[in-house]
Amino acid sequence: MSDTSTETAVQFRGEVTVDLVKHSAADSDVLWAARVSTAGEQSLEELTKDPERSKGLINYLMRDRHGSPFEHNSMTFFISAPIFVFREFMRHRVGWSYNEESGRYRELQPVFYVPAQERKLVQQGRPGKYEFVDGTDAQHRATTEAMEASYRQAYDAYQEMLAAGIAREVARAVLPVGLFSSMYATCNARSLMHFLGLRTQHELAAVPSFPQREIEMVGEKMEAEWAKLMPLTHAAFNGNGRIAP
Ligand SMILES: Cc1cc2nc3c(=O)[nH]c(=O)nc-3n(C[C@H](O)[C@H](O)[C@H](O)COP(=O)(O)OP(=O)(O)OC[C@H]3O[C@@H](n4cnc5c(N)ncnc54)[C@H](O)[C@@H]3O)c2cc1C
């Protein structure tokens with residue numbers, strides 16, 4: 001979806017994107033860290049000797065919440081998502097590093113979030129017991145039309161102020177939290193598991209969480225990348241109720 005009526009084409013997106021840009025993360029990092037406490041210098045050799053034992057050790061660490069061996073790895077993601085997602089994301093303080101694009105040093109681009117057709121629109125139930133159900137076509141239309149009109153008006157006001165010589169850091173105040181932003185986020189497996197335990201819904205979760213769907217979409221994409229890098233750790237996370245060690 002795009003609009004060319006304004007000078008800069010306004011774009012509406014219903015998807016978030018997550019790219020794994022850099023990583024140093026493997027199951028062997030967990031084993032190395034865990035075994036160094038008992039095997040000392042010989043621990044590297046031990047890693048490949050007995051795969052079943054390695055799997056068992058990772059599962060034991062996860063189950064008994066020995067968390068620190070899961071910290072000796074690193075993943076850097078480039079994430080593009082609406083500002084309201086980043087507001088939630090940056091509440092995760094421990095084991096995360098962030099850098100987000102600046103609205104002071106560059107002109108913000110007109111890319112805005114509009115829920116895709118499959119996004120459940122209607123909330124039912126009471127606090128703590130909400131469930132979301134599909135919206136009707138009319139509700140989807142009303143949402144799309146209201147958001148697009150509001151976004152266009154806000155971005156026009158932003159452009160008018162910039163054209164009048166107003167500083168970007170002042171003019172950006174009119175832009176809504178549905179504006180897309182981008183950031184680098186670096187974490188390790190332990191901090192990612194804590195994030196996933198809170199920001200995804202999963203049938204294997206021993207402690208269910210009820211995250212907003214849009215941050216969950218980011219979490220699901222991050223989890224898919226992490227699972228490829230650390231399959232044993234990911235399986236142990238799932239096998240132990242998706243509770244971060
Ligand atoms: C479904 C959902 C709804 C939410 N709703 C709201 C809301 O309405 N309003 C709102 O403000 N927030 C809300 N939050 C955010 C939530 O309160 C947390 O800030 C967020 O989930 C980050 O969790 P965390 O503090 O465990 O993570 P991190 O900041 O990464 O911390 C990780 C862990 O480190 C420890 N830790 C970190 N800092 C401290 C500290 N200062 N003192 C002691 N221990 C510490 C804790 O064990 C913590 O679990 C919501 C989160 C979820 C998942």
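**Close-up views: ligand shell and open sheet**

**View 1. The shell around the ligand.** By class, this shell holds four nonpolar, three polar and three charged residues (nonpolar: Ala, Val, Leu, Ile, Met, Phe, Trp, Tyr, Cys and Pro; charged: Asp, Glu, Lys and Arg; polar: the others, Gly among them). The model is predicted: local features need pLDDT of at least 70, side-chain atom pairs count only at pLDDT 80 or more, and totals for chains, interfaces and linings use all residues. Numbering starts from 1 along each chain as its sequence is written. Around the ligand stand Arg91, His92, Arg93, Val94, His194, Leu198, Arg199, Ser209, Phe210 and Pro211 (near: C-beta atom, placed from the backbone, within 6 Å).

**View 2. The open sheet.** Four strands are ordered β3-β4-β9-β5, with antiparallel pairing (pairing: at least two DSSP bridges between two strands; strands: DSSP runs of E, at least two residues, and helices: runs of H or I, at least four, both numbered from the N terminus). β3 (17-24) and β5 (96-100) are the edges; each has a single partner strand, so one side of each lacks a neighbour in the sheet. Neighbouring strands are turned by 20° against each other on average, direction ignored (axes: lines fitted to C-alpha atoms, for helices over the stretch in contact; angles: 0 to 180 degrees between N-to-C directions).

**View 3. Strand pairs.** β3 and β4 are joined by seven bridges. Threonine 17 faces serine 80 in β4. Eight bridges link β4 to β9. Alanine 81 has serine 181 of β9 as its bridge partner. Five bridges pair β5 with β9 (residues 180-187). Asparagine 99 is opposite tyrosine 184 in β9.

**View 4. Helix α8 on the sheet.** α8 (residues 213-229) lies across β3 and β4 (74-82). The helix runs at about 155° to β4 (contact: C-beta atoms, placed from the backbone, within 7 Å).

Conventions. Two residues are in contact if their C-beta atoms, placed from the backbone, lie within 7 Å.
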